[in-house]
Amino acid sequence: MPDNTQWFYAKAGQQFGPVAREQLGQLVASGQLSAGDLVWSEGMTDWKPAGQIPGLKPANPVPMSQPAAVAAQTYAPAQAYAVQPHPAQYGAQQITYPSGASYNGLAITGFILALIPGLTIVGLILCLVALSGMKSGGNREGYGLAKAGMIISIIYLCMGFIFACLWFTIIATAIGLGSH
């Protein structure tokens with residue numbers, strides 16, 4: 001009876017799958033998936049090196065490197081997902097997928113408007129809305145642009161305020177000198 005279990009594997013910092021157990025075995029046999037690369041299937045508690053899964057050991061097993069052995073011990077427990085497993089974690093680096101609505105378009109628009117002198121305040125508002133949405137939604141796409149747009153807007157507005165103060169001071173001084 002064929003095994004219909006769906007498998008996921010992680011290689012070189014990327015996660016792949018789902019694939020059938022037969023295909024996973026072919027990847028190991030062909031050397032495309034090494035004994036130290038990580039695999040996961042529904043029902044497993046952790047990501048494990050392929051060499052630790054019965055029936056997936058290559059004909060010429062390659063000893064697992066020290067980083068792979070350490071990484072295999074630091075995985076968070078897997079949750080039962082119908083289609084996608086939890087993100088594979090490589091040491092301190094974790095592959096994550098953005099969640100929540102994207103505010104990237106708003107961040108780009110705010111950044112561009114921050115550069116246009118007459119629309120700086122609009123750019124500031126859009127950047128602040130984007131940053132607020134990113135904070136509440138968790139998706140940080142465009143965070144750098146929104147932050148840069150906010151900073152540029154604040155600098156432009158401060159420069160405009162200083163320029164206006166200097167201008168009014170010069171006008172007031174000129175009016176005061178002309179009346180004497």
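This is a predicted model: local features need pLDDT of at least 70, side-chain atom pairs count only at pLDDT 80 or more; totals for chains, interfaces and linings use all residues.

Reader: Where is confidence lowest, and where is it highest?

Author: On the pLDDT scale, the predictor's confidence in each residue from 0 to 100, the mean is lowest in helix α2 (residues 66–73), at 51, and highest in helix α3 (residues 104–114), at 92. Helices here are DSSP runs of H or I with at least four residues, strands are E runs of at least two, and both are numbered from the N terminus. The protein as a whole averages 79, with 73% of its residues scoring at least 70.

Reader: OK, now the sheet: in what order do the strands come?

Author: The order is β2-β1-β3-β4, in an open sheet of four strands with antiparallel pairing, where two strands pair if DSSP finds at least two bridges between them. Because β2 (14–20) and β4 (48–49) each have a single partner strand, they stand at the edges, and one side of each lacks a neighbour in the sheet.

Reader: And which strands does helix α1 touch?

Author: Helix α1 (residues 21–30) packs on the sheet against β1 (6–11), β2 and β3, a contact being heavy atoms within 4.5 Å.

Reader: How many residues are in the largest nonpolar core?

Author: That core has 17 residues, and Trp7, Leu24 and Trp47 are among those with the most contacts inside it. Such a core is a set of buried Ala, Val, Leu, Ile, Met, Phe, Trp, Tyr and Cys residues joined through side-chain atoms within 4.5 Å. Its largest share, four residues, comes from β1. There is also a second, separate core of eight residues, which includes Ala107, Leu124, Met134 and Met150.

Reader: Last topic: is threonine 120 buried or exposed?

Author: Threonine 120, which lies in helix α4 (residues 120–137), counts as buried because its relative accessibility is 3%; buried means under 20% relative accessible area, exposed over 50%, and partly exposed in between, with a 1.4 Å probe and protein chains only.

Reader: What does the side chain of threonine 120 reach?

Author: The side chain of threonine 120 reaches the backbone oxygen of proline 117 at 3.2 Å.

Note on methods: Residues are numbered from 1 along each chain as its sequence is written. Side-chain values use heavy atoms; hydrogens and water are left out. A polar contact is a pair of N or O atoms within 3.5 Å; within protein, one must be able to donate a hydrogen and the other to accept it, and residues adjacent in sequence count only if both atoms are side-chain atoms. Axes are lines fitted to C-alpha atoms, for helices over the stretch in contact, and angles run from 0 to 180 degrees between N-to-C directions.
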